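Hi everyone, thanks for coming. Today I'd like to talk about charged side chains and their partners, so let's get the structure up on the screen.

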Amino acid sequence: LIMTSVLDIALLVFALSGTTMAFVPIGGGASTHVSITATSVLQKVTETCRAVAEAAGHEFKPTGSSPEELVQACLGPTATGEVSGAKFHSALQEIYTQNGLVDRNFVNSAPHHFNSEAFLEGRGLITEGMVAVKANIRQENFQAARETLGRVLHTLQDFYSHSNWVELGYTEPYINLIRPDLPLENLANVDTATCSNCASGTCPNSILPNILKEKKLTSGYMGIFSAAKPKGKCSHGGAADLTSTAEPRGGISKDERRSDNVALHNAAVKAATAASLQLLQDIRLAAGDNGFLRMMGIARSSVVCFVIDTTGSMSDDIDEARAVVYEIIDSKKGTQDEPSEYILVPFNDPDFGPMIRTTDPDKMKREISKLTANGGGDIPEMCLSGLQLALTGAPASSYIYVFTDAIAKDIALKDTIVALIRTSKSTVSFFMTGPSRRRRRSLSASSFEDYKDLALASGGQAIQVSKSQLPEATDVILDTSTSALVTVLQRARNPGKMETFPFMLDESLKNITIYITGISITFTLTNPAGVSQSHNEASGKLGTIQTVGNLRRIRLNTDKQTGIWQINMNSNQPYTLKITGQSTIAFIYNFVESFEGPHPGYAVLSGRPQAGQPATLMLSVMGRKGSSSMTVGDVGLVTVSGPETLSNSTMTDMGNGDILVTVDAVPEGEFVVILKGTDKVSNSEFQRQSTTQMSVSKVKIQAKVESSLEPGKAFKLPFSVMTQGSGGQYSMSARNDKNFPMSYPNSLTLTAGQYANATLTITPPANTPTGTDVTLTMEAKSTSGVDSNYAVLKFSVVTKV
């Protein structure tokens, strides 16, 4: 039922009245997969939130119809603090995007669309997918669950558009499609004619009378590359379907609303929406209300994630990490800042993990209290292996804190870590309490500079302090263990120089904090009225300055002025600058690429955007009263390090807060997204910035998740690599976070502009629990090391029923 781009419909396509048909018609009144999915998902989330609130004795009263206001009402009106809708927006976008990608990845697969009478195979995809979603939720692998759910809903919805179900007069969903124990009955045989000829190609109903009378189920044949179909069979129809020109001509697809099929299109939309609600209710009953809402991204935005070195010299650091966890749990209980999840990953040498995940604060207290310092001895530790577990296990956009006093032994993982940071958009900060090793013994040896690189790539801090200073430095963790955290500005300079950075503070921002890391730095902060405070005034007119190790933390006074501030920095040493606050005004984004076909759309890139061409982003803006309370002024890409270049963009409003952004001239080097606009609620201008650094590449890796893995069975993943740069030998590397055995070619010979095809084989052990998810990171790199790109794929391991 898609007819325009995948992300054409934004999040606000619903009214919280609970009506089934509360989607916004677009494109002349047609409905897309996204509008149908949004209608059903948001109605089911609203029902579930109401049930949870009422069971807890709360009244469920959203103040408006935006996702932000739904989240606020759902997470409990009694809890104080800001509520961010970002996680919910991101979760919805993952479902919608995977739904739309079925049209790209499985364009010629009849079962995925119930084309060509592939009913049993299509039903198999739905029921296997539902098993996978439920198993993923049980294992708390919510992203994998959402992605599979999006794909399954697409196939289910296509049944009503591509078959003759509504022509047969049925108005209720066909429950047998989600019930493998019930047979699919009265299917037309392959040699049974089903359609009459429609010379014009637009007949209201060309199903043969005897098929209608006998209630025989059929669907249209679809041929993208061939016009062949069995004699007398219906076609799908449309310009892309070659079979529709062979008799019987025409088609029975109800994808688009036309003057000749308005009633049938509307009936198909209504049935597809009801069927989607039925499937979601089945999953909700299996997952429980809380599991269902967590899968949908309805959770407080703060997550505490610690990666801790447990070697012999780390006992003081472990004590401080424990104290911070206790303080977060005890001070934030009952507020919107209370973490929704706690994650702990210990690492040592040669061991690391396991990752401990819990929503229970008392369990987190017990687990961190069990940590003791022992072992190690030869300085480098398995730091990046522990960090890899955290990046693949924590929700996207998490704040991850690494405690260590040693350099990384597993430095070969560095490129994988950067790929995971870019994909997850998580922010990694390091607390380093050991002596800094300035000089590398060799290019392959590691140093604390590697941690600084990773922190910068993610928008985090690399904080170097003595063990005795660590308790002062961990205030940073308390700052970021909050809901609705946003970044206003982030810059880095190496080497430093005298420079002034302007930034805009808006009325919605609270708890504004400025972080500076580096040594030998002087600075002056000036507010819009011209009042200044210098670096040596610990408590001044604008805020309080705390200095510990290489970190300066400036907390602005609560009576801050809105408008343009500036900070003048002066140092000849490397430094980083970051300005954050709490606000419900935020944005989420993905770099995307368009795809063609019968149902064109946009797909999220799994690697870096392509060099030498415009970059495209899909961006969603959130405000206190939803996207309608915001006006977006400028969106651009800006370099974080080195000379500042801002590349402006053209914007296409896709409706309700979704904006397609095209940047013609992409900056050289690493860049982030910067957004400026106006909050209509307060009539004040705002500025926000993404934290994850990105850059372009001439290399491209194509690979797609087509099915789940099975325990004990080798899974073959075809992939393709291409370069627009110079051809030659490119090294291939691949890693997965579960250490499942893999085989793949170590190198490929590329010719510029041509794809080279290869296969990776991955085998989950036979004892892998169903519902396990595995994150695979692949990288292709030129022999000179100048150019590289990556692809990050998530697979589920599911035992076939």
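D773 is buried, with 7% relative accessibility; buried here means under 20% relative accessible area, exposed over 50%, and partly exposed in between, using a 1.4 Å probe and protein chains only. Its salt-bridge partner is K738, at 4.0 Å from N to O, and K738 is partly exposed at 34%. By salt bridge I mean a side-chain nitrogen of Lys or Arg within 4 Å of a carboxyl oxygen of Asp or Glu. The two residues are 35 apart in the chain: D773 sits in strand β31, residues 772–782, and K738 in the loop between β27 and β28. Helices (H or I, at least four residues) and strands (E, at least two) are DSSP runs, numbered from the N terminus.

A quick word on the source: this is a predicted model, where local features need pLDDT of at least 70, side-chain atom pairs count only at pLDDT 80 or more, and totals for chains, interfaces and linings use all residues. Residues are numbered from 1 along each chain as its sequence is written, and side-chain values use heavy atoms, leaving out hydrogens and water.

Next, please look at K700, which bridges to E593 with N and O 3.0 Å apart. That pair joins strands β25 and β16, 107 residues apart. K700 is buried at 16%, while E593 is partly exposed at 22%.

Overall, the count is 37 salt bridges.
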